[in-house]
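Here are my notes on the model you sent. Please read them with the structure open.

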Amino acid sequence: MSGGACEICPANKNATLKRMGLDLSKFDFVAALAGNPNTGKSTVFNALTGLRQHTGNWPGKTVARAEGAFEYSGSKYKIVDLPGTYSLFSTSTDEEIARDFLLFGKPDVTVIVADATRIERNLNLVLQVLEITNKAVLCINLMDEAQRNGIEVDIRSLSKDLGIPVVPTSARQGEGIPDLLSYIHMVATGEYVCKPRKVASFTNEINSSIEILTKKIKKAYPNLPNARWVALRLLEGDQRIIDAIQQNEFSGI
């Protein structure tokens, strides 16, 4: 299956979920869980891992960190619940942690949880995540609240416009979780190839500079999947990314 318009028709309907709670000893894939605050992200996390969290602090930070695990279709997943944030511009500790994990943690798939009643507000973060990674699934949560408020969400059109799978859920009731698991698995394994939409638009002069810098970054770090995004941040003078280049942090990617 390739990216693009996709109705909710996962291929792994017969696959089963095995919640592994705190067992993080061995895993095949890493999934990141991102989203705005108050989108039900923790509820989605609990639905996948079995209502148990391994909590602590991020290295060098006082921000809480939650990890869990689950097994699906024969593969074991470690899932990392990133701090709830409205953007990835690294203007706060939460934003820095979320962005750094997407950049340096090398998740095999990123699940972005959005509020079905406030999709437009949530899309800002969605589009920023898609500038960093090509492997993502959008979980439109709180569909039950949207229905109560007479809000309709065109899942198929949204998936086509974004170029990634979009899954409606009501995580508190467990609705949509099987479909979400199937798409997480398909994206992580490469069965579903995402083609995310890049929305940034610039003048010809800036585009030329971005292209030149992107080529240099790709030459220095051939395995870096988000060279264009790194080039944009360098041109903006992002000190965190400048430090990462100077300290050769991208060499291990």
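1. Phe29, Phe70 and Tyr77 form one aromatic cluster. Rings of Phe, Tyr and Trp (its six-membered ring) pair if their centres lie within 6.5 Å. The structure holds 5 aromatic pairs. In one of them, the ring centres of Tyr221 and Phe250 are 5.8 Å apart and the planes sit at 65°, so this pair is edge-to-face (planes over 60 degrees apart; under 30 is stacked, the rest tilted). The pair links distant parts of the chain, 29 residues apart. Tyr221 lies in the loop between α7 (204–220) and α8 (227–235), and Phe250 in the segment after α9 (239–246). Both Tyr221 and Phe250 are buried (under 20% relative accessible area, with a 1.4 Å probe and protein chains only; exposed is over 50%, partly exposed in between).

2. This is a predicted model: local features need pLDDT of at least 70, side-chain atom pairs count only at pLDDT 80 or more, and totals for chains, interfaces and linings use all residues. Residues are numbered from 1 along each chain as its sequence is written, and side-chain values use heavy atoms, leaving out hydrogens and water.

3. Look at helix α6, residues 177–189. Helices here are DSSP runs (H or I, at least four residues), numbered from the N terminus. From first C-alpha to last, α6 reaches 18 Å, close to the 18 Å expected (1.5 Å times one less than the number of residues). Of its 13 residues, 11 are buried, so α6 is largely enclosed by the rest of the structure. Among them are Ile177, Asp179 and His185. Just after α6, Gly190 takes a positive phi of about 90°.

4. How many disulfides does a search of the whole structure find? The count is 0 (a disulfide is a pair of cysteine sulfur atoms within 2.5 Å). Cys139 is buried at 0% relative accessible area, and Cys194 counts as buried at 10%.

Note on methods:
Helix = DSSP H or I, 4+ residues; strand = E, 2+ residues; numbered from the N terminus.
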